[in-house]
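Take a slow look at the model below before reading on. Then follow the text from one part to the next.

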Amino acid sequence: MSLVGAKVLRKEDPRLLTGRAQFVDDFKPTNVAFAQFVVSEHAHANIVSIDTRDAMKMPGVLGIWTSHDFADYPDLPGGLPDLERPPLATGRVRWAGEPVAVVVAEDRYAAADAVAAVRVEYEVLPAVTTISEAVAPDAPLLFPHHGSNSIVTVPMVDDLERVMESCDMRATLHLVNQRCAVVPIEPMGCLADWTMEGLTVWATFQAPHHLRNKLAAWLNVPHTQCRVIAPAVGGGFGAKIVWSPELFVTPLLSKWTGRPVKFMQSRTEAMLQMTHGRDQEHDLEVGFDKNGKIKALRFVVTQNLGAYPDPTGLGLPVLTGWMAAGCYKVPKVQTAFRSVVTNTTPVAAYRGAGRPEATYSIERLVDLVADRTGLDPVEVRMRNFIQSNEFPYETHNEAVIYDSGNFPEALRECVRLLDYDAVKAQQAAHRNDPSKPLIGIGFSTWIEIAGFGPNGSLEGFGHLASWESAQVRIHPDGSCTLFIGSSPHGQGTETVVSQIAADELGISFDRINVVHSDTATVIQGIGTMGSRSVPMVGSATKVASQRLLVRAKKIAAHLLEAAEEDLEVANDAFSVKGSPGKKVGWSDVALASFQPLRLPPELQAGTLEERLFQESPNFSYPSGAYGCVVEIDRRTGKVKVAKMVLVDDCGTVINPLLAEGQVHGGAAQGIAQALYEEMKYDPDTGQPITSNLVDYLIPSAPDLPGFIPGRINTPCPNNPLGAKGIGESGAIGSPPSVVNAIVDALSHFGVEHLDMPVLPEKIWAAMNSNHTTHNANGAGR
Amino acid sequence: MRRIEITINGRKHSHEVEDRTLLIHFIREHARLTGSHIGCDTSNCGACTVLLDDEAVKSCTVLAAQADGQSVTTIEGLSGPFDGLSNVQEGFRQEHGLQCGYCTPGMLMACTALLNENPNPSDGEIRHALEGNICRCTGYEMIVNSVRWAAENAGGPK
C-alpha cells in the first residue's frame, strides 16, 4: 500500500506530546550564563553616552558590552551598502527596541536587574513611522548621508494611461496592507558555546546551514569550527530566517566570558526585535470593459522596510509585483515599487512574504470591477481566469511562468461547498430584517509562488543556492536514515519524507528516521521557507531513494541469483515477481552491502548511501479558491466568520492530514490579519503601542471559525513528486475573502473598501455615516 | 531567598529561591522539567499552563513561593493507557492537534483540566475553555477535534 497520499500520523508527535522535545531554552549546559540586551527607549535618537558603572557592580554581572566592543566586526550580512545594520546600535538608534548594549550575568534575573541599571543618555530626534511621514519633503532622515528615506525605487516603464483611457471603465484603489507581528509562540533564542574545539550555536532558526555560513564568515572562523543546530523550534513563519544581532553577538559573548551564554527573548522583546511582516501601501488602478473583462492593471507598491533594509525585506515588493495579476489574464500590467525606511522594527518575511499583499490587492480589485459593472464577483472571476489549457502561462514578468492550475474548477468547487445560491438568498432576507445580522459573501481565487526555487532565486536573498539536499543511508540491519537539508519546525517534514522514502524503498515507515537541522550531521542544506520542503526535499528524497534502490536491487539479485529487473521490493524484502517464495530481506541485502565477499563485483562496501542536491527548473504555483461568509452585528459592527471554505490546489498531496493542518494554520493567520492584528506606533513619539499580547490581538479558539476544506489537483510539472507546497496558501488566500465578504455585507451603505484589520469600529462607522460613499480612494488613507 | 518545597508530578522538589521567582522558573530552572514553556510575559499565551492542585494555572503568574507545599502536575506527569499517553495526548496525535509543539504542553494541561471538569464538552465549550491558550500553528479546529477524540476515548483504547 502506498503511503504517499495516506493520512499517516506524525513521527514528530510523541516527543512533543510528552515534554521531551528540546527547545533552545531547555538546554542548560554547565556554567551557562545569560545575556540580555539594553534596548533603545526612543524611536529615533543620538546616543550621547552609555553609563554601565552601576550595572557592573550588581551581583552576578559578568560583563557589559556596547558597540565599540564590536568595532572589529562587520555589520550584519545582507544589507545595502551604507545602510547596513550594526550588531549593536552605533551612534544612533533608529527604532524603539533597537539593541544598544548587552549584559551577561549569572542568570536571567540578575541580567534583567543589570539591564535596568544601565543608563543611556539620548539626544532625541524626530521620528517617522509611516510611509507618508517618511517620504514627506521635510522628513527627518534615518540615514542622513543617504539623503532620503527612500531606499529603492523601481519605476514603471509605461504608466498605461493610454490603455486606461481606452477602457470602458476604470477604478482606483489605495489600500494599506498593515504591519503584522509574526509571533511564533517560541520567541527568538540562542545558546552559544565557544570552546577550544570551536563554536556550537543552538538557535531557534529555520535555516541552520545558512546561519552557519554567514556566522562563520562574520566571525572569520572555518566552517569546521562553527556548528549550528536548530533543535526543536517553536514556530518560525519567516521571522526565523533573519539576521538578528543576538545570533552574532552571543557567540562572541561566549568567547569573551569563556562560558556558554544563552539569550532568550521575552515576548515584549520579541514584539520589538523580531522582524515584522507586510506593511505595504498600494496605489492601484484597473481598466475594464462593461462586461467585466480586465484590460489593464497599474500596481504601485510602497514598502515600509522599518529601520534597516533586511535582505528578505528588500525582496518583498519584488514578489508582490511578480504576482500582481493573480490568476487572471490581464493584457497590460505595469508594476512599480519604492521602499522606504522608518523608525520601526525592520520588516522581513512573514508567512507568504510579498504574495499575500499581491493577492489581497488583485482580489479586492476584482470585486471592485464586479461592483462597478453590477456583475457577480464569481462571474467576473470566471470571465478573466487564465484557462487550464493555457499553461505554461507567461505573466507580465519574465521570471514568473505559471506552471499549472485549474482556476475555474477550483472556484466551481468553492461555490458548491459554500452553497452560494442558498447563502445569497439568506443574505437578501437578512438585509431586509433588522433583527438579523448582515450577511456578506466574499471570494478569493488566488495563486502564489512557492517551491523556492530555480537556480538563482534564493541566491538573490543571500542563500548559498536554491537546491535542497537529501541523503539516504541504509544501516546494516536494513533500517534507513534520511538526512535532509530542510529544517522543519512544525510542518511534519520528518513524516512526509519518511512516507516518500518508504514507498520508494519498500522499507517500513517505522524503520526510517530523519536527521535534520544540524550542520555537523547534514552535509549541506538551505532551509525551510517559501513552501519549498515538499517540492524540493520531498523530490530529493524520492530521487535519491530511487537511485539507491538500483544498487540495492543489484545486491539482492546477486544474493537471489535472479535478474534485477525481475525483482520487486515491499514490506522490507526483495522478492522475485511471480515467485513469492524467492525473497531476501532488506536486512540481509543491507548487511551484504557492507560485506565485500557477498557483493557483486561491480559494487563496493558502503554502496547503499545516496545523496542528492535537488534542483528545480521553475518555481511552483499553488492556487485555490476560498469563500467566506461573514455575519455582522448591526449594533456593534462585530464580525463573525460564519463559514470558511478553503479549496486548495497544491498538486500531489503527500499527507492529507498535514496538508489540511497547514491550510488551517495559514487561514487562521490570514483571518487574523483581516480582522484583528495590527502593529501600531504612536504617531507623535514613534513608540510601539501594541508591544505585548495584551495589546496585540492574536486570536484564540473562540475567535476563529471551523473550516470547510476542498481540494483539486493539478500536478506540478516541475518536480518528480508533482507537489507545489502548501505552507503559505492559507495566509495568502484568506485575507481578501474575509474583507470582500465584509464589503459585500456593507455594499448597500456604499462601502467599496475598508482597510485591514476591519475592526468593529470601522464597520460601525461605515454603517453610521449617512450613506456617504466610502470611496476606494477615501478609505484607508 | 527562602527554601520552598513543591511536589511536582508526585516528587518533592526543595530549593532555595528568591521571593520573586516565578513558578514556571522553579519548574524549568530548579526542578529542570522543561516541558512547560514560556511564550509571553503577560499571561496571555498559556504555554506555561500546569495543574496546581488539579486546577489549571498559568505558572508565569504564580510565584514559586505561593505554591510552597502544594502539588503541581506538568506535561511530564501526564500518562495513560494509549502506549503510555493519556487520552488527551493521544487525541492530539490522532487529530493532528499540534504542529511546532511549543504551545502543546500548556494546551494539553488546559484540555486535561477541561475534561476533568466537563467530560463531554460541546465544540463551543471546548473553544471557550481554551481561550487562554494561544496556538499560532493549527488554527484551533484540529485542537477542538483532538479534545473531542479525548472525550470519546476517555475509557481507554477500544
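Predicted model: local features only at pLDDT ≥ 70, side-chain atom pairs only at ≥ 80, totals over all residues.

D54(B) has a positive phi of about 75 degrees, although it is not a glycine. Most residues other than glycine have a negative phi.

Now step back to the whole of chain B. Chain B has 5 helices and 5 strands. Read from the N terminus, its elements follow the order β-β-α-β-β-β-α-α-α-α. The radius of gyration of chain B is 15 Å, close to the 15 Å that the globule rule gives for 158 residues, so chain B is as compact as a globular protein of that length. Along the principal axes, its C-alpha atoms fill a box of roughly 50 × 30 × 25 Å. Of the 158 residues in chain B, 61% are buried. Contacts also reach along the sequence. Take those in chain B between residues at least 6 apart: 59% of them join residues at least 24 apart.

Turn to chain A and its sheets. Strands of a sheet pair through backbone hydrogen bonds, either parallel or antiparallel. One open sheet has 4 strands in the order β21-β20-β19-β25 (chain A), and its pairing is mixed. Which strands of chain A stand at the edges? They are β21 (512-516) and β25 (609-614) of chain A. Each has a single partner strand, so one side of each is left without a neighbour in the sheet. Neighbouring strands of this sheet are turned by 15 degrees against each other on average, direction ignored.

Look inside this sheet. Strand β19 (residues 468-474) of chain A pairs with β25(A) in the antiparallel sense, over 6 bridges. There, V472(A) stands opposite E610(A) in β25(A). A helix joins the picture. Helix α15 (residues 533-560) of chain A packs on the sheet and touches β19, β20 (480-484) and β25 of chain A. The direction of α15(A) makes about 35 degrees with that of β19(A).

Another open sheet holds 3 strands, in the order β4-β2-β6 (chain A), with antiparallel pairing. Here β4 (92-93) and β6 (119-124) of chain A are at the edges; each has a single partner strand, so one side of each lacks a neighbour in the sheet. Strand β2 (residues 45-51) of chain A and β6(A) are joined by 6 bridges and pair in the antiparallel sense. At one of these places, A45(A) has V124(A) in β6(A) as its bridge partner.

Next, find strand β10 (residues 198-203) of chain A. How many of its 6 residues are buried? The count is 5, and the strand is mostly covered. β10(A) pairs with strand β9 (residues 189-195) of chain A: they run antiparallel and 6 bridges join them. A hairpin through 2 residues links β9(A) to β10(A). β10(A) also pairs with strand β11 (residues 226-229) of chain A, in the parallel sense, over 4 bridges. L199(A) ties these pairings together. L199(A) in β10(A) is the bridge partner of W194(A). In β11(A), the bridge partner of L199(A) is C226(A).

Helices can pack on each other as well. Helix α10 (residues 355-373) and helix α11 (residues 377-384) of chain A pack at an angle of about 115 degrees, with their axes 9 Å apart. That angle makes α10(A) roughly perpendicular to α11(A). The crossing is right-handed. Where they meet, V366(A), D367(A), V369(A) and A370(A) in α10(A) face P377(A), V380(A) and R381(A) in α11(A).

Finish with some backbone details in chain A. Phi of F237(A) is near 55 degrees, a positive value in a residue other than glycine. F237(A) is in the loop between β11 and α7 (245-257) of chain A. F237(A) is buried, because 30 other C-beta atoms lie within 10 Å. Most peptide bonds are trans. A cis peptide bond, however, joins F452(A) and G453(A), with omega about -15 degrees. G453(A) is found in the loop between β18 (438-447) and β19 of chain A. A cis peptide bond also joins M756(A) and P757(A), with omega about -10 degrees. P757(A) lies in the loop between α18 (729-745) and α19 (760-767) of chain A.

Key
Residues numbered from 1 in each chain as written. Chains lettered and ligands numbered in written order. Rg over C-alpha atoms; globule rule 2.2 N^0.38 Å. Buried ≥ 20, exposed ≤ 12 C-beta atoms within 10 Å, placed from the backbone. Contact = placed C-beta atoms within 7 Å. Pairing = 2+ DSSP bridges. Axes fitted to C-alpha atoms, helices over the stretch in contact; angles between N-to-C directions. Parallel < 35°, antiparallel > 145°, perpendicular 65-115°, else oblique. Left-handed = near helix turned anticlockwise from the far one by under 90°.
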